[in-house]
Structure formats: C-alpha cells, structure tokens
Amino acid sequence: MSIETFGPVSSTRQGQVAVIRIDNPPVNALSEPVRSGLVAAFAHANADAAVKAIVLTGAGRAFSAGADITEFGKGRSGPMLFDVINAIEASPKPVVAAVNGLSLGGGFEIPLGCHFRVIANSVKQLGLPEVKIGVLPGAGGTQRLPRVIGVEPALDMITSGAPIDAAKALALNLADAAIDGDVVVGAVAFANELITKGAGPRRTSELTIDTSKLAPDLFDKRRAALGRHPSGPVAPRACVDAVEAATKLNFADGSKREVELFMECLATPYAKALQYAFFAERQAGSIPGIGPDVKTRDIKSVGVLGAGTMGTGITLAFLQAGIPVTIVEMKQEPLDKGVARIRETIEANVKRGRMTAEQGAMIAKSLTPSLDLNSLATADLVIEAVFESMAIKKEVFGKLDAICKPGAILASNTSTLDVDEIAASTKRPQDVLGLHFFSPANIMRLLEIVRGKATASDALATAMALSKRINKVGVVSGVCFGFIGNRMLESYGEEVQAMLLEGVTPAEVDKALESWGWAMGPLAVMDLAGIDVGWRIRKEHAISDERRRLYRVTDAIADSGRFGQKTGAGYYTYGSDRKRVEDPGVTAMFRAEAAKQGIEPRNGIPTEEIIERTLLRLVNTGAELLDEGIALRSSDIDTVYLNGYGFLAWRGGPMWQADAMGLAKVSERIKFYEKKYGERWKVAPLIERLAKDGGTFSALDKAKAKA
Ligand code: 3HC
Ligand code: NAI
C-alpha cells in the first residue's frame, strides 16, 4: 500500500477508496501546513482515476480540535479553512468523514463539509466550542449545522459551545452511522457501498433549511435569553446572528456574514482574554525543572481524613474520577453524616442524569468509611481535611507518618497554615504538600498545589497529574499565608471594607463588580461562604491595625451572630427564596463607624472607582507574589482567579487586565491611591520595575519560560 504525504496529511489507497489522514499531534489542530496538505491531498485523490470515493480521518485520539488557536491574530498564510472545506465539499467524488476521536470547532466543520459522516461510538466530544474562546464558527459551521440538524438544535450547540457524543450525533441525524470497532474500516466499507450504489456527493451547502415551523420571534428570544453568558457580551450574540443569517440568506451570502461576524468577534478584547485564559490554564501545568523525565507516583487509592465540608467534597471528587477512597473520622456521628452527604450527592447526580444508576452504584461501592486511622496504611495519597489548627494538624501528620506506607503522599487541605511546619512534624517532609481545594470541592475546578521547601519533584508532578485526573486545574503555589488566591483576596476584601466605610452600600459594591466581570460581588460571596470564616481567622491571627480598623463593622456583624446566608442575615438579609435584601441597619453601622474613625462620608463611589480600586489591590498583591516566587507566573495567578474566585474568563484575570491597562498607568494609579490612603497602597517593586522599562507581566512570563 503506497503512502503519499502532503506535509502532515497523508493519503493511502484501499481499493477504490483513498484514505486521507490528518496527522498533526497532539490534537490535529488545523495549522497552515494541515490546511495546505488537505487541499493537495484532495486534489490528488480527485485526479486519480482509480479512486472512486474518499475517506477523511485523523491520526491518534482526535479527528481534529479545530483551527490552530496559536495562529489567531498572526496574519493569514496559506489557504483559509473556509476555502479548504468548500474545496472538500466541492469534490466530485463522495467524501466520507471517519470521525475517530474528538471533533471540535473547525475540526467539526470539516465533517459537516464532507458528504457523509461515520462516527466511532466511543467519540465523546463533537461540537462547536468557538464561543468559549470568544468567536463563532467561522468556516461555514453556522451555515451548515442548521442545514444538517435543524435551526434550534444548531442554536443550542453553537451558543453553548457544549459538545455532544456519538449517540447524540446519531439521534440528531448528524451521523450516517455510529459504529464500534475501527471507524476507518467502517467508513471504507460505507464508501464502497456508495460506490456500488453509484451514489454521488451529498453537499450540505445545497440543502435547504425548513423555516416554516420557526417562531417569528425565535432569534430575538434567543438573543434576549443569552443574559450573562460566560463568553461575554459579543460572541454569543454573533452566534445567533449568524444562524439567523443562514435562515434568511443563501449559503454564499450567509457564509460572508459569518466571516464578518467572526472577524468582529476576533477583534474584541473578550476574545483575546478568553484565548489567553485557555492557554494560561494549560501553561499552569508546566513547572520549571520538572520535565517528562520525572516519573510520577502511582495513585490507585486515596485516604481522606475528616468528613466535614471539605473532606466530603474531596472524597466525591476522587470517587467521581473512579479512584477509591477510604474516609476516616474520629467519631461515628460525623462519619455517618459525611457518608450520608456523599451518598446523597451521588444519588442526586444519578437523578439529574449526570451518571447512570450503575455508575452511581459503582462509585458508592468504592467508598470505605472508617474510624481507624490504620485503615490508611495502604493508601497512595492521604488528604487531611480536619479542623484548621496547627496543633491538630501536627498531631495528625505525626500519626500518618507512622502509619502510611513509604512513598505515600501526605497532603493537607489547610487554607492558611504553614505547610513547611506541618511537613516538619513528619520524618518524610519530601512526601508532604498542600492540596488546597475550594468549596464545594467536588465542583470547583481550582486546586492550589502548595509546594513546601522539602516537597520532592515527583510528589509535585504526581499532584499535578492527579489534578487532571480529577478534572481540576492545578496551579502551583509556594508557602505563604493564604497562598496565591486567598492572599490576594485579603487585599481585595480590605479595599471593599474601606469603601463601605467611605459610604458606599454593599449592594452598590456588588452591583458594580458583577456588572464588570465577577460572577458574584464580594459581599454576596462573604454572605455565601460565611462571614464567620474570616472573623475567626482575624481573631486567631496577628493582623495589622489597619486591617483590624477596616474590618471593625464586619466583625461586629459577625459578633451579633449574623454569619450570612446560613443564619438568614449578614451584609444582606435573606428570605426563604435566598434572595438578597438590602439592610439599612448595616449601612447605618458603617456610617456610625466611619464617623468614629473620622472618615468623611462620600455621596456614593463611582462604579469605575470601585472597579479600579479592587482590581489594583489584587494586581499589586499579585505582583508581590511573583516577586517572592510564590506564584510562578502571572498567568497562573489569573488561572487561580478564573477557576476559583469567579473572575469571569472574558476579562482574562487581574494580571491580564493590568497588562491591558499598561503597567505605567497601573503604577501611577496605585501611587495616586497611596497618597490618599497610605501604606496599604504601597506599590509593589515589581510593578515599578516593569513600568520603568515598558514591560508587561505576560512578557515577564515569557522571558522566565525561556530562561
Ligand atoms: N489550537 C492549538 N493548540 C491546541 C488546540 C487548538 N485548537 N487545542 C488544543 N491545543 C493544544 C493545547 O494547547 C495543548 O498544548 P500543550 O500540550 O502544549 O499544552 C495540547 O493541544 C493538548 O490539549 P489539552 O491539554 O487541552 O488536552 P485535553 O485532552 O485536556 O483537551 C481539547 C483536548 C478538548 C481538544 C482541548 O484542548 C480544547 O478544548 N481545545 C480547544 C478546542 C477549540 O476551541 N477548538 C476551536 C478552535 S477555533 C476554530 O476552530 C475556528 C474555526 O471555526 C474557524
Ligand atoms: P469541618 O469542620 O466541616 O470538618 C472538619 C472535620 O474534621 C470534622 O468532621 C471533624 O470531626 C473532623 N476531624 C477533626 N479532627 C479529626 C481527626 N483528628 N481525625 C479525623 N477527623 C477529624 O471543616 P472544613 O470546612 O471541612 O475544613 C477542613 C479543612 O479544610 C480546614 O483545614 C480548612 O481550613 C480547610 N479548607 C476549608 C474550606 C472551606 O471553604 N470550608 C476551603 C478550603 C480549605
């Protein structure tokens, strides 16, 4: 069997069928050489008189993950994907897509441009996720998909960006066949049948869309329903506009409209931020000095100590990833309660269709509750989630050290305590690290992986690999109070308190920040998480007089037993529907305290100032963390904020925002506030240094990566 190669695209002949294969690891992204290769391979197959039909597939685990995102914004070279797909569709010989693996974005638009689609039953991800990176399908997807599956299902897929699996594709008439076994063999057989039947091409662009049953206000309603879309204000709307164009214009004109909308979206800051966030998340997985040569440890079973809020969430995260867990408590009652909570969540997931009853039963079976610490002797990893007290943690780690097998990783979920001090209570500090989960731990994607002074490289690499297995985004942090996320949050929270004392109301702060780019305002978040959490920490830790002064009213609110939603009142009051209701009593408390502190009340604070002050406090502390080496890169800090703190991805993250503002301006504004408010606004030396040389955080990241 002879193989012709066209760069990363190859073509072999199996009888009368040419099998064209994209081979561009790891995910067959459609970079320029692939696009050129496809054009050449199709021209070659179409010119070969012995070829009567063509099968197109991908090598490895992907059919294709779509356009090469790294090429965006770099200027065009080679054929456009749009033209490549049109050329495939124009092929005079029938073209069958053999969808062997994930097929996303442009990598899904190609099968839509093929005449027939045979999909492997094992494929889990088919779809158009472009909206998630701030654009819309720009290679004919918005015009072809409604022609294949109908307008409403196409709108659902394109505006959500959510993938479907092979079974759903079959149900939607997207697949001509969904098969087990080798999909290329199946597709070649399918192509041979076409040849026998004398079937010609079936071009999607020539299909008509039945609009007779569409509600006249369908598109307006869809636009109105987009609300606070996670992809920001432009791309989701453009997705609806493009599908609407498919129903009103012919294929050529609709496609032109699609390209215009694509270019509009691509130029927005939201698209740039979302694409940055995509790569930032992947970049977080690479740790300087830890290459592929570092062998990770085998993690087949996990022990969790403590069945409270965090212990149960952590247990669920592992069980759902198919990793068995032994959960240990001191007493029967909290153990029973925790196990009941875990079982209820599994049952609820089955009811909601997130897993089958069999999967639920299997997961539940892989949980072993215990009151005996010795049952952790064989665990490969033990995560401690007991009370936040250094004395208790040290005692627990001392015991774990004696019980656990050699090489087991011992992790703490502490949110504030010194991981090095905890590690020092064992004789194996190299096996100790922090695994800082966020509540609810089975849902929140962020996992801060805290590297102690003595943490071994392979223990860290194991934790990073594990974060992927349990569907989390792992970000490495050094040891400091609050690690990356909470240390920055302290500065942010402080500034919010300062503004409340200056006369803005909690609702005004929350509204300003939610309208800008936070999933939830800071005071609503504190009410949700419990005002008592920070109140306890401020009681037990030495904090600056400034911070104590700023938090005086909040501490008084907590003193009065108002802990937030769980007590029905905090900064707001809550009825049975859990909706926030403003409380004039709280505003009055801030007014009275401000008068005592001699703070002149302002008549509200402009939204821009609320946004700027909170953002710059985050950025300033972020810069300190970079200088101290606690955070490895600014993109890690953004990844923490996007995945653990509700900073919306289309805003890129605080450090990304600072770069967009320009660090000279950032420095100037921080100094302005320092003059006004003093020490808490002292500008971070790193910002000064970068501002002086016209630098950016992202250029610093790149320079570090090269070094
Ligand atoms: N372009 C460039 N690189 C890509 C890429 C893409 N479309 N998709 C993935 N990669 C890279 C990743 O950056 C990563 O590189 P690294 O190893 O150097 O860090 C590598 O491929 C593997 O990716 P993941 O680590 O994310 O692997 P996973 O198995 O976890 O996920 C995936 C695979 C589901 C394909 C995920 O990477 C993904 O969602 N990719 C983006 C898909 C997408 O958005 N496609 C649409 C592109 S836009 C488009 O097609 C426009 C068109 O309409 C014109
Ligand atoms: P929790 O109070 O809900 O649960 C702690 C559990 O540990 C209790 O059930 C208790 O009975 C058990 N326990 C105490 N000592 C034990 C021992 N020696 N052996 C076995 N079990 C023991 O506390 P929560 O909120 O789950 O916090 C646990 C840890 O997670 C703390 O270190 C906390 O700082 C950290 N954390 C908490 C977050 C949160 O949002 N609640 C977020 C991130 C970290």
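User: Which helix gives the most residues to the shell around ligand 1?

Analyst: The model is a predicted one. Strand 7 (102–104), helix 3 (106–113) and helix 11 (269–283) each give two or more residues to the shell around ligand 1. The top contribution is three residues, and it comes from helix 11.

User: Which residue places a polar side-chain atom 2.6 Å from an oxygen atom of ligand 1?

Analyst: The residues that come nearest to ligand 1 are Arg61, Gly106, Glu109, Glu130 and Arg282, out of 25 around it. Gly106 uses a polar backbone atom, 2.8 Å from an oxygen atom of the ligand, and Ala67 also uses a polar backbone atom, 2.8 Å from a nitrogen atom of ligand 1. The side-chain contact at 2.6 Å belongs to Arg282.

User: How many charged residues are in the shell around ligand 2?

Analyst: Helix 12 (309–320), helix 15 (390–403) and strand 16 (432–437) each supply at least two residues of this shell. By class, the shell around ligand 2 holds nine nonpolar and eight polar residues, and the charged ones number three.

User: Why is one side of strand 13 and of strand 18 left without a neighbour in the sheet?

Analyst: The open sheet has eight strands with mixed pairing, in the order 13-12-11-14-15-16-17-18. Strand 13 (367–370) and strand 18 (473–477) stand at the edges, so one side of each has no neighbour in the sheet; the reason is that each has a single partner strand.

User: Which residue of strand 18 is the bridge partner of Leu446?

Analyst: Strand 17 covers residues 446–450 and pairs with strand 18 in the parallel sense, over five bridges. The partner of Leu446 in strand 18 is Val473.

User: How far apart are the C-alpha centres of domain 1 and domain 2?

Analyst: The chain is divided into domain 1 (3–266), domain 2 (302–477) and domain 3 (499–505 + 521–601). For domain 1 and domain 2, the distance between C-alpha centres is 42 Å.

Terms used: Residues numbered from 1 in each chain as written. Chains lettered and ligands numbered in written order. Predicted model: local features only at pLDDT ≥ 70, side-chain atom pairs only at ≥ 80, totals over all residues. Heavy atoms only, no water. Helix = DSSP H or I, 4+ residues; strand = E, 2+ residues; numbered from the N terminus. Nonpolar A, V, L, I, M, F, W, Y, C, P; charged D, E, K, R; others polar. Domains from an automatic or database assignment. Pairing = 2+ DSSP bridges. Near = heavy atom within 4 Å. Polar contact = N/O pair within 3.5 Å; in protein donor to acceptor, adjacent residues only side chain to side chain.
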